Amino acid sequence: GELSWQRQWQALLVGARGRVLMNPIARSRSCAGGFSLIELLIVIAILGFSAAMAVPGAVSWVRGLSVRNTAEGMRAGIERTRLEALRANTSMTFWLMSSGADQPLDNHCGRSSTGTSWVISVLNPAGSCLAAPSATVDPMLVERWSGREGGTSINLVGTSAAGAAADSVTCNSLGQVEPTGVQLAQIDITHQSGDGRRLRVQIDPGGSVRTCDRDVAAGDPRACQ
């Protein structure tokens, strides 16, 4: 009957288990192996699936970090320009510079409203971005920063308050933005992939500077004005 069949099957299982336990080689393999091949394959599949799910998020995070680092680098450079103008009691300029897309800053540098590097100096630093800091020798360089320090594949656009392309902002001895010429009023920063945050560095005519998020709704302190 059905009950007799079940008992016979249980007896076979018990007998097989006993033979494995009595066999020292089989018992050693069973204890030492830890995982069967099937169990190991399942674990590998789970890890692979988890990694595949995590990679897109990690890539997006790295891209967002590059945007943030570039924005903070720009903000810090403009603040340093203002402080140097106050300290030296003279006009000081923050220049957006480029030595080529994603290239480190060098003496082939030129002014660019899309440059991801910057130089603080009294005179135009084009072709002299690696000059030693000096208060007397052209371009009277104070500090420089290479966009490669922030990240790569960054899109950057500098514009004036009127929306025209701009690559520099000059602070006078009072720490205020010079009222003449085409002065940088904002710098928009995104990743070339279109992924990640869209940040902006805003420069007030009084000389203050802040970083804001273009995708944050009005009323949020992180929103752009």
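**Disulfides and an antiparallel sheet**

C212 and C224 form a disulfide in which the sulfur atoms lie 2.0 Å apart, in a model that is predicted. The torsion about the S-S bond of C212 and C224 is about 95 degrees, so this disulfide is right-handed. The pair links distant parts of the chain, with C212 in strand β9 and C224 in the segment after β9, 12 residues apart. With a relative accessible area of 2%, C212 is buried, whereas C224, at 23%, is partly exposed; C224 does not count as buried because its value is not under the 20% cut-off for that class.

By the distance rule applied to cysteine sulfur atoms, the count comes to 2 disulfides. C109 and C129 also form a disulfide, again with their sulfur atoms 2.0 Å apart, and with 100 degrees about the S-S bond this link is right-handed. This pair, too, links distant parts of the chain: C109 lies in the loop between β1 (92-98) and β2 (110-111), while C129 lies in the loop between β3 (117-121) and β4 (141-145), 20 residues apart. Both C109 and C129 are buried. When the bonded cysteines are counted along the chain, the disulfides follow the pattern 1-2, 3-4. A further cysteine, C171, is buried, with a relative accessible area of 2%.

Strand β9, which holds C212, belongs to an open sheet of 4 strands in the order β5-β7-β8-β9, paired in antiparallel fashion. In this sheet β5 (154-159) and β9 (209-213) stand at the edges and have a single partner strand each, so one side of each is left without a neighbour in the sheet. On average, and with direction ignored, neighbouring strands of this sheet are turned by 20 degrees against each other. Strands of a sheet pair through backbone hydrogen bonds, in either a parallel or an antiparallel manner. Strand β7 (residues 186-191) is joined to β8 by 4 bridges, and the two run antiparallel; I187 has V201 in β8 as its bridge partner.

Strand β8 (residues 199-203) also contains I203, which counts as buried because its relative accessibility is 9%, under the cut-off of 20%. Leaving aside neighbours within four places in sequence, I203 is in contact with I78, V169, V177, L184, A185, S208 and V209. In the case of V169, the C-alpha atoms of this residue and I203 are separated by 8.9 Å, although the two residues are 34 residues apart along the chain.

Terms used
Residues numbered from 1 in each chain as written. Predicted model: local features only at pLDDT ≥ 70, side-chain atom pairs only at ≥ 80, totals over all residues. Heavy atoms only, no water. Buried < 20%, exposed > 50% of the residue type's maximum accessible area, 1.4 Å probe, protein only. Contact = heavy atoms within 4.5 Å. Pairing = 2+ DSSP bridges. Axes fitted to C-alpha atoms, helices over the stretch in contact; angles between N-to-C directions. Disulfide = S-S within 2.5 Å.
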